[in-house]
Amino acid sequence: MNENNSGKKFDIKKIFCILKCNSFTYCDLVKCLKYKYEVVTDPYFKADSYKNYFSRKNKKIKHQKYEQSKNGLYVHHVAENMFQDLCKEKAIADNPCLSCLPDHGFRYQMPDQLVYCNLVEHALLHLFIMINNPNYYKGYESLNGKIKKWYIDDIDENKLKPNERCFYNASKISKEEAQTLEEEFCEFINRKEQNKTVCHCNYPK
């Protein structure tokens, strides 16, 4: 069991249990993570900057700097089960379902639509997303690729950048645990494909 700088313990065995539970959903995981970590208090993007970007006053959107990043925690957009890459302004602008909204989808950048997670938890969130929408596979592949690189390929921790080291340590697991995780991921995917189970949850609100 690993403990990150925020004092929250990470138990990989809980992840294994979730992967084996057929009734556990994306919504359940979001709720668990919201309970585990402190509530996100600020929108992902700064409101004025977001508005100015879509009125073509800014070329980029300024995002918040979260203290929990120092503890190795990512900020996940809950609504990415419906819209990909909500942390990227171009993806938002290119999505007609968002760009046509009066607020250009800023509602999905609000604190209640964000949740903290470590690398393994983040990969699991995107695994659930991919299961429900196979086209949304990039998030899972990217995060799972990092798990393999960091924990299976025996990367030298000292060669990581300081900010990467925080994320590395927050979900640090042994090589054996990482290999088991990969097996559980594959088994989960195969089982869901056979059952064709889809999560009809109430996120985003």
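## A walk through the predicted model

Start by selecting arginine 191 and glutamate 187: both sit in helix H9, four residues apart, which is about one turn of the helix. Keep in mind as you go that this is a predicted model. Show the two side chains and you'll find a salt bridge, with the closest N and O atoms 3.7 Å apart. Now colour by accessibility. Arginine 191 is buried, because its relative accessible area is 16% and the cut-off for buried is under 20%. Glutamate 187, at 40%, counts as partly exposed.

**Next stop: another pair one turn apart**

Jump to helix H4, residues 89-94, and pick aspartate 94 and lysine 90. These two are also four residues apart, about one turn of the helix. Their side chains meet in a salt bridge, 2.6 Å from N to O. Is lysine 90 buried or exposed? Lysine 90 counts as exposed, with 57% relative accessibility.

**A bridge between distant parts of the chain**

Now select aspartate 154 and lysine 175. Here the salt bridge has its closest N and O atoms 3.4 Å apart. This pair links distant parts of the chain: aspartate 154 is in the loop between H7 and helix H8 (162-170), while lysine 175 is in helix H9 (residues 175-195), 21 residues apart. Aspartate 154 is exposed, at 52% relative accessible area, whereas lysine 175 is partly exposed, at 32%. Before you leave, check the backbone of aspartate 154: its phi is positive, about 55°, although it is not a glycine.

Phi of arginine 56 is near 65°, a positive value in a residue other than glycine. Arginine 56 is exposed, with a relative accessible area of 78%.

**Into the core**

Hide the surface and turn to the largest nonpolar core, which has 62 residues. Which members touch the most others? Select Leu124, Leu127, Leu181 and Phe185 to see them. Then highlight helix H6, residues 119-132: it gives the most to this core, with 10 residues.

Centre on leucine 181 and show what surrounds it. Leaving out residues up to four places away in sequence, leucine 181 touches Ile12, Ile15, Phe16, Leu19, Val120, Ile147 and Ile173.

**H6 against H7**

To see the contact, show Leu119, Val120, His122, Ala123, His126, Leu127 and Met130 on the H6 side. On the H7 side, show Gly139, Tyr140, Leu143, Asn144, Lys146, Ile147, Trp150 and Tyr151. Colour these by type: the contact residues divide into 10 nonpolar, four polar and one charged.

Zoom in on histidine 126, which lies in helix H6. Histidine 126 is buried, at 10% relative accessible area. Not counting residues up to four places away in sequence, histidine 126 touches His76, Glu80, Gly139, Tyr140 and Leu143.

**Last stop: phenylalanine 45**

Follow the chain on from H2. Phenylalanine 45 is in the loop between helix H2 (26-36) and helix H3 (47-54). Show its contacts, leaving aside neighbours within four places in sequence: Tyr50, Ile61, Lys62, His63, Gln64, Leu86, Cys87, Lys88, Ile92, Phe106 and Gln109. To finish, draw a C-alpha to C-alpha distance from phenylalanine 45 to glutamine 113: they are 68 residues apart in sequence and 12 Å apart in space.

Note on methods. Residues numbered from 1 in each chain as written. Predicted model: local features only at pLDDT ≥ 70, side-chain atom pairs only at ≥ 80, totals over all residues. Heavy atoms only, no water. Core = buried A, V, L, I, M, F, W, Y, C linked by side-chain atoms within 4.5 Å. Buried < 20%, exposed > 50% of the residue type's maximum accessible area, 1.4 Å probe, protein only. Contact = heavy atoms within 4.5 Å. Nonpolar A, V, L, I, M, F, W, Y, C, P; charged D, E, K, R; others polar. Salt bridge = Lys/Arg side-chain N within 4 Å of Asp/Glu carboxyl O.
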